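Please look over the chain below from end to end before reading on.

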Amino acid sequence: MSTEPLTIALYATDTMADWEYAYLTSQITVAERAKPGRFTLLLVGDGVDTVHSLGGLPITPTADLDVLDSLAERSALSMLVIPGGETYGHGHDRLIKAVRALLARNVPVAGICGATYLLARAGVLDERAHTSNSADFLAASGYTGGSHYVAAPVITDSG
């Protein structure tokens, strides 16, 4: 059995909503102080160029999205978290490819707020229970999963 810490990957992109990942990053730090060596937070991006959060903070990913595949292969990736942002209406093709690959390996992917729009565009919400800002918000993506929408703060389905 591996003693490698489980990696929680956080996608870093321009306009990522600062407050949406704050609880996650804080709790990873608290957990690591209590019992070191269990988790590591990895900032991944579409490249490693500095991006700017919605609040204007410069954030530099420590790894490219490509690293997720090798982490998943070693069973060292606990999950990918995609915070909300204002750029998910188009692009992010490499992220969509990574999401599909991770889900195929049963690695959990969490989309927060506007990131659910990206997941809808990718088609990964078409057959899964999910939530978002509103059903109408996701409907604009053209996805076909509206019957699986649940008006609740958090939903989990199929990892």
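**Layout of the chain**

Starting at the N terminus, the elements follow one another as β-α-β-β-β-β-α-β-α-β-α-α. That gives 5 helices and 7 strands in the chain. The model is a predicted one, and the values below are computed from it.

For the overall dimensions, the C-alpha atoms of the chain occupy a box of roughly 40 × 35 × 25 Å along the principal axes. The radius of gyration is 15 Å, which agrees with a compact globule, because a globule of 159 residues would have a value near 15 Å. Of these 159 residues, 41% count as buried. The accessible surface of the chain is about 8,300 Å², and carbon and sulfur atoms contribute 56% of that surface. Among contacts with a separation of 6 or more, 59% are between residues 24 or more positions apart.

The sheet comes next. Five of the strands form an open sheet in the order β5-β2-β1-β6-β7, and the pairing is parallel. Its edge strands are β5 (63–64) and β7 (109–111), each of which pairs on one side only. Within the sheet, strand β1 (residues 6–11) runs parallel to strand β2 (residues 39–45), and 6 bridges join the two.

Helix α1 (residues 22–34) lies across β1, β2 and β6 (77–82), and the helix runs at about 150° to β2. Helix α3 (residues 93–104) lies across β1, β5, β6 and β7, at about 145° to β6.

Is Thr 7 buried or exposed? Thr 7 belongs to strand β1. Its relative accessible area is 4%, and buried means under 20%, so Thr 7 is buried.

Which residues does Thr 7 touch, leaving aside those up to four places away in sequence? They are Thr 40, Leu 42, Leu 71, Ala 76, Leu 77, Ser 78 and Met 79. For a distance across the sequence, take Thr 7 and Leu 80: 73 residues separate them along the chain, while their C-alpha atoms are 8.8 Å apart in space.

How values were computed. Residues numbered from 1 in each chain as written. Predicted model: local features only at pLDDT ≥ 70, side-chain atom pairs only at ≥ 80, totals over all residues. Heavy atoms only, no water. Pairing = 2+ DSSP bridges. Helix = DSSP H or I, 4+ residues; strand = E, 2+ residues; numbered from the N terminus. Contact = heavy atoms within 4.5 Å. Axes fitted to C-alpha atoms, helices over the stretch in contact; angles between N-to-C directions. Buried < 20%, exposed > 50% of the residue type's maximum accessible area, 1.4 Å probe, protein only. Rg over C-alpha atoms; globule rule 2.2 N^0.38 Å. Areas by Shrake-Rupley, 256 points an atom, 1.4 Å probe, with all protein chains shown as cover.
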